[in-house]
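Hi everyone, thanks for coming.

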Amino acid sequence: MLFRPELRGTRGAVASTHWLASAAGFRMYDKGGNAFDAAVAAAFVIQVVEPHLNGPGGDVPVLAHRAGSGQVDVVCGQGPMPRAATIERFEDLGLSVIPGSGLLPAVVPGAFGAWLRVLAEYGTLRLEDVLEPAVGYAEHGYPLLPKAAEMIRAMQDLFRDEWTESARTYLVGGVAPRPGSRMTNPDLARTYRRILDEARAAGADRDKQIDAAVRAFYEGFVAEAVDHYLATAEEIDATGRRHRGLLTGADMAGWRPTVEPSLSLRHGALTVHKAGPWSQGPVFLQQLALLQGFDLAGTGPHSADFLHCVTEAAKLAFADREAWYGDPAHAQVPMDALLDPDYTAARRALIGREASGELRPGSPGGRAPVLPPIHDESAGPAGPAWLGELEEGIPAVLRSTAARGDTCCVTAVDARGNMVVATPSGGWLKSSPVVPGLGFPLGTRGQMATLTRGHANALAPGKRPRTTLSPTLVLREGRPLLAFGTPGGDQQDQWTLEFFLRYAEHGMGVQEAVEARTFHTDHVPTSFTPRRFAPGTLVVEEGMPVETIEELRRRGHTVRTVADYTLSKVCATGMSRDDMVIAAASPRGAQAYAVAD
């Protein structure tokens, strides 16, 4: 029995991790907009209503399929490290890792520019149309999510004592607001309104208005506020010390989002598209390639055979991620070799009947893998409770033991066949102070770069840190089929792979595949500081069949069960063979929502 129906329509569909964002996105169809307009509007609302998971200062990869093109573009909204960010600079500060909080890990904010690039190149509506819902929620209020309220409560002492601009933005009368209470962000509303004013001042032309908005953010008053703040402020971070940031207005002025070709892999009649190795996206393709040697369709979707094969493939593919992925504009990433059929076959042979406890990256092209060290460092001596929260680079409250989300998801499709999906993230309220006057904090994605020289993901000026953000778009014979993503940090490309396999191999419907019991392995180190991992661990929702769990333990997996329906939050849109639009959203967390008409 499904918790929610699979939605179908003839006009358009939107699915996202917040019901208000999905509703706002769908309103763009009523204005005559397309799927790209809908996604942009939903994404700006997500920045307002999920401030604990993303914001205008964050990052986003966007996969875009223009109807009739037969191809998928990647709009890269992952900003690079500042020009002053070098390994030597961090070593001089006595650091062996980049902190996961504060000002030091700030990169160029990429989300704003990426969404405006999507609007300019693929959308049809004006900037004021797609920004209107977000401005309204920031100005007039929205119901505060329980997880956001929990996070603000955990950080309220830090906000009051240290990050005073965050206190002004998120505390009400000096205390954390209640879950469900009306929350506003007047400074963010004013930031958006000033951007719109500067856009209108450029004239009536739509494209000139969008260009002016981009300049206002990356060269104008937003960049000036960021530059002044980071040049003068020293804020406490996970080290327990105060540090000044490295990001400057010049870093922002020198960056614009790029449009790149996707990486893809054939899976039967389907072609799966992902972003490049500056994301973790190719790990989805590597897992899929490894699993093409197994009869997954002949296994039950909740069977021990299925869970075992998928888990062992994940261990191998993610080990390659650890050793080889990075910004291909700055490092030699052997992507062709990692997806080579002969390499894949040799790696597939490592999957046996028993669980592996080793971290085993491969040697594509005969090159020796380089693994960064695992730093499992505590924050040091006992201190205030918020210091432990700052140590965790992922935006989760430490006492929360269910799925640790770091991300949002927005996806949309229209009747013409335009399809788009993105996983906005970063710039969340927990990890960095609000920039005075702007109403939002900067992102801390720099924490994902390593200080290990010679590694593909080694820190360097102007280089993108390898991110976990990873949406997926699937074509069938050049036509749109599915676009999907999930929150979940390092688990994104495990949870979405399971969704896809249950759809493609087990014949489940989209909503059925979204709701199927979920699992993942914590065998590979996390990308967030401190980099922890649990070799051999397999995490499953407790609704998984008892016989499956017992068999997995017999095969050597260390199985840990978590509360049912707590892992993943997949959102998906698609098109049927008869050109109906489809939408589905996970019931987990009672927050994600889909709309179709």
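Let me begin with a term: a residue is buried when its relative accessible area is under 20%, exposed when that area is over 50%, and partly exposed in between, using a 1.4 Å probe and protein chains only. With that in hand, S470 is buried, as its relative accessible area is 2%.

Some housekeeping before we go on. What you see is a predicted model, where local features need pLDDT of at least 70 and side-chain atom pairs count only at pLDDT 80 or more, while totals for chains, interfaces and linings use all residues. Residues are numbered from 1 along each chain as its sequence is written, and side-chain values use heavy atoms, with hydrogens and water left out.

Back to S470, then. You'll find S470 in the loop between β13 (419–422) and β14 (472–476). Those names come from DSSP runs numbered from the N terminus: helices are H or I with at least four residues, and strands are E with at least two. What does S470 touch, leaving aside residues up to four places away in sequence? The list is P61, K274, Q280, G281, T423, Q492 and D493, where contact means heavy atoms within 4.5 Å.

Two residues on that list, Q492 and D493, take us to helix α17, which covers residues 492–504. Helix α17 has 13 residues and spans 18 Å from its first C-alpha to its last, close to the expected 18 Å; the expected span is 1.5 Å times one less than the number of residues. Of those 13 residues, 11 are buried, so α17 is largely enclosed by the rest of the structure. Among the buried ones are W495, F499, F500 and R502.

Helix α1, residues 19–30, has 12 residues and reaches 17 Å, close to the 16 Å expected. Its buried residues include L20, F26, M28 and Y29. Where do the buried residues of α1 pack? They go against β2 (12–16), α2, α5, β5 (142–143), β12 (410–414) and β21 (593–596). Just after α1, G32 takes a positive phi of about 90°.

Let's look at how these helices pack. Two packed helices are described by the angle between their axes and the distance between the axes. The axes are lines fitted to C-alpha atoms, for helices over the stretch in contact, and angles run from 0 to 180 degrees between N-to-C directions. For α1 and α2, the angle is about 150° and the axes are 7 Å apart. That makes α1 roughly antiparallel to α2; the cut-offs are under 35 degrees for roughly parallel, over 145 for roughly antiparallel, 65 to 115 for roughly perpendicular, and oblique for the rest. On the α1 side, the contact uses L20, A21, A24, G25, M28 and Y29, and its partners in α2 include A38, A41, V45 and V49. By class, this contact has 12 nonpolar, 1 polar and 1 charged residues. Here Ala, Val, Leu, Ile, Met, Phe, Trp, Tyr, Cys and Pro count as nonpolar, Asp, Glu, Lys and Arg as charged, and the others, Gly among them, as polar.

Next, helix α2 (residues 35–49) and helix α5 (residues 127–140): their axes come within 8 Å and cross at roughly 15°. Helices α2 and α5 are therefore roughly parallel to each other. Among the residues making this contact are F44 and V48 of α2, with L131 and Y137 of α5. The classes here are 11 nonpolar, no polar and 1 charged.

A couple of buried residues are worth a click. L246 sits in the loop between β8 (242–243) and α11 (249–253), and at 6% relative accessibility it counts as buried. L246 and A106 are 140 residues apart in sequence, with their C-alphas 7.5 Å apart in space. V222, in helix α10 (residues 221–232), is buried at 0% relative accessibility.

The peptide bond from T529 to P530 is cis, with omega near -10°, and P530 lies in the loop between β16 (519–521) and β17 (537–541). S568 is not a glycine, yet has a positive phi of about 80°. A590, also not a glycine, has a positive phi of about 50°.
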